[in-house]
Structures are given as C-alpha cells and as structure tokens.
Amino acid sequence: MRVIACALMVWQVWMMWHISSYEASGVQWACDATGGCASDQFAAMSPMLGTVCAVVLGLLSARYLHRAAPGAMVALSAVAAAAGWYDAVADGRVEYSTVTSFHIFLPLGDFSVSQWLTFLWSAAGAGCLVAWWGAAVSLRRTAGLRRLFRRCTTADAVLEGWRPVGRKYGEVTVVFDDKAGVRHEVPAVVERSALRRDVLAVYDADRPGDPALTRVAVPHRKLLRLS
C-alpha cells in the first residue's frame, strides 16, 4: 500500500508542477492597490498544490529514501516544472525568449522562459546534491552498505556507558545476543543521538564478538504508519 501510495503521489507531484509551468503564460492575475494578486485559474494554484503533494510524498517515501527525501522532492518538483516549460515551447504556447511570470506562494517576478529553465535546473541540481548527502548520512547511520556487502546480520542492542570522544560522539559498550543466544559486549563509537533511540548491532555472523566487524545502526524513525 505504501509503495502504491508513493507511486500515485509521484504522478500527482509531477502533474501539479508540470501544469504550473505549462499553463503559466495563460494565467490572468488580478492585482489590487496594495500589491496583492490573485487568480481563480487552476494553474495559479497548482504550484501550491504541488508543494503540498511533495511534502506528503516526502513523508510517505521517508521509509525508503530516509534523509534523501527532502532533496529528492525538490529535484522532482524542479524537473517536472522544467518539463512543463519544454512542452509549452514544443506546443507553441511560448518561446524561450517569452517573458512570463511564475509563482509558488507569491509571484517570483517576470523572466524569460530560458531564465526560468536555468533557475529550475539549478534547483534540481541543488536538490540532487542534498539528496546524495542525505543518502550518505542515512547509509552511514543505518550501516546500510555494510549490511549489503558483508556477511552481516543484525540484533536488537542496548548501549551501556558513555565516554565522550568529541562534541557528537562517544564510546559505549554494545550489548546484544547473537542468533545462537550468546551475549556479547562489544566496544563501539556512536553519535550521542543514538543513546535516545532503539539501535541494532550489525555484526559478522562468523565473528559476532569482533569489535572491528561490529557496528551500531540507528533505524530510521517511522513518521507515518501505512500497511
């Protein structure tokens, strides 16, 4: 159900941002003396709806994307809006030199389509960088790569003791039972935030008590529960 919901929300985010740029040149704005502008056309509201959908998608997909979710949502939204501009040019609605307005919550100004595309591709690139950084942090905290490329298994663990070795890290003793039911106490270095979370011991199945082959993984916190 969660995967289906994510797939539907990806389509929804894409459509909202695609419409926002594809029909941007046809939006009629009514402005008052105070400088406020409004429009009753759907394309005028689609950026706001696209932002809301992207937030919902980020929450739904956080189980799979972890800390990469925010950057991925920015990149998806920006690419969808850029695709809308390209389709508008291809259909003859605008040209690359056409100056038009575009807004998210407030009008961002009047710029040419080429300038909007430059802005959107820059936003997409920044989103990708944030997503890669988030993915790297999540893989390190959850010991994801180690669990994929080594003959490792996991067990619920308890952290005992704390000796600071820096502002964010400290030495602890990881206590866990392996699959055979044998208890192990292994020294490790963890982030301070791990003390307030449920953790897993990621250990080598053949050498469960080896500190060099044991890591502490902090599972991703579940924001939404969906079967």
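Which residues of helix α1 are buried?

**View 1. Helix α1 and its buried residues in the predicted model.** The buried residues of α1 are R2, A5, C6, M9, V13, M16, W17, H18, I19, S20, S21 and Y22; buried means under 20% relative accessible area, exposed over 50% and partly exposed in between, with a 1.4 Å probe and protein chains only. Helix α1 covers residues 2–22, and its 21 residues reach 30 Å from the first C-alpha to the last, close to the 30 Å expected at 1.5 Å a residue. That expected span is 1.5 Å times one less than the number of residues.

View 2. C6 counts as buried because its relative accessibility is 10%. C53 counts as buried because its relative accessibility is 12%. The count of disulfides (pairs of cysteine sulfur atoms within 2.5 Å) comes to zero.

**View 3. The packing of helices α2 and α3.** Helix α2 (residues 42–65) packs against α3 at an angle of about 135°, and their axes lie 9 Å apart. The two helices are therefore oblique to each other, since angles under 35 degrees count as roughly parallel, over 145 as roughly antiparallel, 65 to 115 as roughly perpendicular and the rest as oblique.

**View 4. Confidence along the chain.** The mean pLDDT (the predictor's confidence in each residue, from 0 to 100) of the protein is 83, and 83% of its residues reach 70 or more. Confidence is lowest in strand β2 (residues 37–38), with a mean of 62, and highest in helix α3 (residues 69–90), at 95. Helices (H or I, at least four residues) and strands (E, at least two) are DSSP runs, numbered from the N terminus.

**Notes.** Residues are numbered from 1 along each chain as its sequence is written, and side-chain values use heavy atoms, without hydrogens and water. In this predicted model, local features need pLDDT of at least 70 and side-chain atom pairs count only at pLDDT 80 or more, whereas totals for chains, interfaces and linings use all residues.

Note on methods:
Axes are lines fitted to C-alpha atoms, for helices over the stretch in contact, and angles run from 0 to 180 degrees between N-to-C directions.
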